[in-house]
Amino acid sequence: MESEAVQRRDAVQNRQAVIDAAAGLLPDDPEAGMQEIADAAGLGRSTVYRHFASRDELFDAVAADVIGRGITAIEEILANADGVEDALCAIGELGIEFGLRYRFLYSHREEARAAAMRMTGDRGAPLWDFLNAAQQRGEIRGDQPVAWIAKAQFEVMTAMIGDVLAGRIDREDAPELLGDTLVAIAAPSR
Amino acid sequence: MSSDEQLRSDAERNRRVVLEIAIELLGRDPQASVQEIADASGIGRTTIYRHFPSRESLLEAVTAAIIDTARVETMAAVADPDPEIAIRGLSAASIDLALRYGRLFAARDGQSAAYEAFKVDDTSPARRFLATARERGTIRGDMPVEWLRSVIQAVTFTAINEVDAGACSIEEAVQLAGDTLIAVLLAG
């Protein structure tokens with residue numbers, strides 16, 4: 001008989017497999033049902049339902065997973081960036097990619113916004129600390145609070161995702177346009 | 001004045017009063033009821049319904065009137081020939097309008113023919129100002145007007161959120177938003 005530890009490990013793995021399958025399937029097919037998601041995860045429907053009682057519950061878990069991956073990706077960008085401009089452009093590109101790819105999670109935008117605010121809002125938040133250090137070095141404008149700069153950048157990024165989705169801005173033009181705008185918001189005063 | 005004329009001018013006056021009160025109440029709280037508007041205007045519900053057959057038609061008239069106000073105020077804000085003053089004016093007017101009518105616009109988003117038309121209107125004062133200034137080379141030419149307008153909206157939204165969250169005063173938010181928009185929009 002399997003030990004409890006093994007069963008628990010399998011359960012955790014299965015749960016993650018369902019989330020991964022949903023996150024992989026839903027961007028191209030937002031209407032995909034629980035059966036299709038189960039098939040993609042290589043699991044039975046009943047196993048999926050044991051972890052997620054409803055589609056809504058699964059969406060909640062996928063949203064949390066995607067937001068977590070976004071945060072990790074931004075932390076990686078900040079750790080490896082070659083200067084502020086480089087970091088802002090990379091974050092802009094990531095934001096557009098995530099925003100478009102996971103637009104089926106639009107109903108969870110408030111959670112995403114809250115997560116973004118935690119990254120930018122105050123001392124100890126990764127992006128705030130990064131921008132604050134850049135401000136100390138005189139690499140970004142010193143006459144505005146870091147939280148304002150970061151929040152304005154977040155809203156501008158959200159606007160770009162909306163403009164691309166609405167067809168007002170071409171997908172190919174978006175990263176450069178957004179990167180230039182994010183840099184201009186932060187740039188030292190002329 | 002004949003009695004007919006008297007009736008007509010009373011009716012016009014009533015309509016104007018209802019609309020003025022409705023702009024104030026619905027602008028602040030889009031859920032305000034026709035009864036509340038009747039109470040505040042001193043005009044009976046039946047009379048209000050004679051001018052505006054449904055709550056929706058009253059809401060739409062209010063939306064159209066607020067859009068007219070927004071046009072007039074925005075046009076005045078961008079009138080200065082100095083692009084920096086015009087950009088600051090546009091930013092301040094956007095914040096002011098959003099603080100006064102943001103709730104109503106949010107409630108009418110996707111519901112109102114007048115608002116949908118306004119959103120895509122190429123002749124809106126903000127868009128005309130941006131297009132003209134861009135041609136003159138006073139604001140940056142490497143970004144489409146459509147995008148510059150989105151940036152203004154996004155920065156306005158940031159300012160409103162900061163004010164709502166108590167992070168700064170309205171005056172500070174206007175200053176911050178103006179500074180940010182100058183940095184993005186003004187030609188280097």
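**Notebook: the A/B contact and the nonpolar cores**

I started with the contact between the chains: 16 residues of chain A are in contact with 16 residues of chain B. I kept in mind that this is a predicted model.

Next I asked which helices of chain A supply at least two residues each to the side that touches chain B. They are α8 (146-165) and α9 (174-186). I then looked up the largest share, and α8(A) provides it with eight residues. Sorting the residues on this side of chain A by type, I found nine nonpolar, four charged and three polar.

Then I turned to the nonpolar cores. The largest has 69 residues. Which of its residues touch the most other members? I noted A:L131, A:I149, A:V156, A:M160 and A:I185 from chain A, together with B:L90 and B:V151 from chain B. Helix α8(A) turns up again here, giving the most to this core with 13 residues.

Setting aside its neighbours within four places in sequence, I found A:L131 in contact with A:I140, A:V146, A:I149 and A:A150. There is also a second, separate core of 20 residues, and its members include A:I19, A:A21, A:F98 and A:L105. A reminder to myself: in soluble globular proteins, nonpolar side chains tend to be buried together.

Last, I checked the confidence. The model scores 0.88 for ipTM and 0.88 for pTM. Chain B has an average pLDDT of 93, with 99% of the residues scoring at least 70.

Definitions and conventions:
Residues numbered from 1 in each chain as written. Chains lettered and ligands numbered in written order. Predicted model: local features only at pLDDT ≥ 70, side-chain atom pairs only at ≥ 80, totals over all residues. Contact = placed C-beta atoms within 7 Å. Helix = DSSP H or I, 4+ residues; strand = E, 2+ residues; numbered from the N terminus. Nonpolar A, V, L, I, M, F, W, Y, C, P; charged D, E, K, R; others polar. Core = buried A, V, L, I, M, F, W, Y, C linked by C-beta atoms within 7 Å. Buried ≥ 20, exposed ≤ 12 C-beta atoms within 10 Å, placed from the backbone. pLDDT = per-residue confidence, 0-100.
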